[in-house]
Amino acid sequence: MTRVIVIGAGAVGLASAYYLRKSGCEVTVIDEAPLAAKASGHNAGWLIPSMSTPVPAPGMMLQAMKWMVQPDSPLYVTPSLKPSFIGFMLRMLRSCTDAKFREGSAVLAGLSATALSDFDELAAEGVEFEQHEEPLAMLFTDASHVDGRVRELELLDGKLPGFSWRHMTAQDLRAHLPELSDNVVAGIESRGDRSIDPGSFVHGLADACRKLGVEIRLGTAATLEQAAGGEATVRVGAETLRADKIVVAAGAWSNEVLRGIGERIPLQSGKGYGYDFPVVPGGPTKPMYLAEAKVAITPLNDRVRLAGTMGFGGLDESIQSRRAGGILTGVSSYFEGWPDLERAPEPWTGLRPMTPDGVPIIGPLAKHPNVLVATGHVMLGISLAPTTGKLIAELATGVARAEHLRGVSADRF
């Protein structure tokens with residue numbers, strides 16, 4: 001039986017463990033943090049084929065430079081002189097072209113094509129999690145921004161099963177979403193997206209893994225070491241563990257895990273913030289994306305989640321009130337009387353694993369082929385967790401087809 005150790009108990013790591021076990025592997029998952037304590041639990045919870053486009057886009061870096069002087073801007077970069085950071089940002093800059101954006105969009109659309117059916121499959125197999133299927137409304141306070149979104153959606157036309165979109169008229173906006181303020185002048189509704197409670201998904205996956213016989217070890221950090229023969233092994237405290245395959249799904253911390261074997265992938269953390277507001281009359285009842293504020297709103301069974309911002313600044317989980325508060329400032333311009341800013345809950349934060357081209361890294365390392373990397377999903381970690389888990393299981397068992405891995409290999413940089 002193939003022995004596999006998965007480092008990282010987030011959505012991607014647990015999905016990998018689930019499908020590895022179903023493929024007949026003996027699987028152990030190791031993570032220092034509690035379940036759903038990091039970005040896998042702290043995100044908007046969107047399954048969003050309609051946003052299967054890379055973060056690096058034409059004009060993105062220029063906008064980031066303009067926003068750098070604003071302490072509550074939705075996108076910011078904390079400068080660093082570290083060679084790895086400078087190299088990453090230069091690679092990202094080179095990815096902000098129309099050709100690269102289209103190339104990345106095609107890869108992400110290919111991965112996202114089975115995303116929703118993968119979640120349906122998990123639910124049918126007994127994985128329990130909270131899920132909602134209402135259409136997504138993208139709202140605009142500046143009508144001139146609509147065309148850019150339309151161009152993105154047109155790249156996805158015909159590539160995503162069950163997906164459709166339409167312009168919302170002013171009458172649609174008022175009838176469909178009566179709580180909006182008069183600042184909102186345009187909207188696009190998309191069908192074929194969903195939302196989930198990401199924490200419930202992580203816990204549901206963990207429960208399903210345990211039932212299948214996966215060992216999940218929490219509270220202990222794991223790193224990689226190189227054995228005398230060049231083989232990668234896993235170090236957990238004073239213990240050395242060997243496996244046929246090692247999956248590194250440690251999100252933004254993946255390079256910390258890889259350091260022990262002298263490997264490094266182009267990865268930076270993208271810091272996001274969020275709030276969980278109580279459900280109140282007159283509040284949002286359907287998922288929305290506020291285009292100019294870059295804030296996602298996710299109504300869940302027992303709360304309404306706001307999530308936004310993208311900050312490049314290293315592995316820093318501290319909460320900066322001005323940055324987090326930018327979400328509230330942005331949201332308040334779209335609604336009448338919601339949310340109640342005087343009773344705002346404490347914000348949370350999550351570090352998204354970012355690649356220079358906005359496309360995940362899934363596959364073996366050239367110098368250590370027994371190490372499989374599964375990270376860099378940016379804001380699609382929840383959406384693509386099951387899809388990635390299946391790819392990792394195929395790689396570990398030797399049945400992966402080359403076309404499935406085109407555009408996501410670890411050596412493309």
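A: Happy to! Let's begin with R102, which forms a salt bridge with D98, their closest N and O atoms lying 3.1 Å apart. Both residues belong to helix α4 (residues 98-112), where they are 4 residues apart, about one turn of the helix. Please keep in mind that this is a predicted model. R102 has a relative accessibility of 47% and counts as partly exposed; D98, at 45%, is partly exposed too.

The next pair is D120 and R194, whose side chains meet in a salt bridge with an N to O distance of 2.7 Å. This one links distant parts of the chain: D120 sits in helix α5 (residues 115-124) and R194 in strand β9 (residues 194-196), 74 residues apart. D120 is partly exposed, with 35% relative accessibility. R194 has a relative accessible area of 11%, so it falls under the 20% cut-off and counts as buried.

Then there is D340, which meets R343 in a salt bridge at 3.8 Å, N to O. Here D340 is partly exposed at 37% relative accessibility. R343 is exposed because its relative accessible area, 69%, is over 50%.

To put it all in context, a search of the whole structure finds 23 salt bridges.

Technical notes: Residues are numbered from 1 along each chain as its sequence is written. This is a predicted model: local features need pLDDT of at least 70, side-chain atom pairs count only at pLDDT 80 or more; totals for chains, interfaces and linings use all residues. Side-chain values use heavy atoms; hydrogens and water are left out. A salt bridge is a side-chain nitrogen of Lys or Arg within 4 Å of a carboxyl oxygen of Asp or Glu. Helices (H or I, at least four residues) and strands (E, at least two) are DSSP runs, numbered from the N terminus. Buried means under 20% relative accessible area, exposed over 50%, partly exposed in between (1.4 Å probe, protein chains only).
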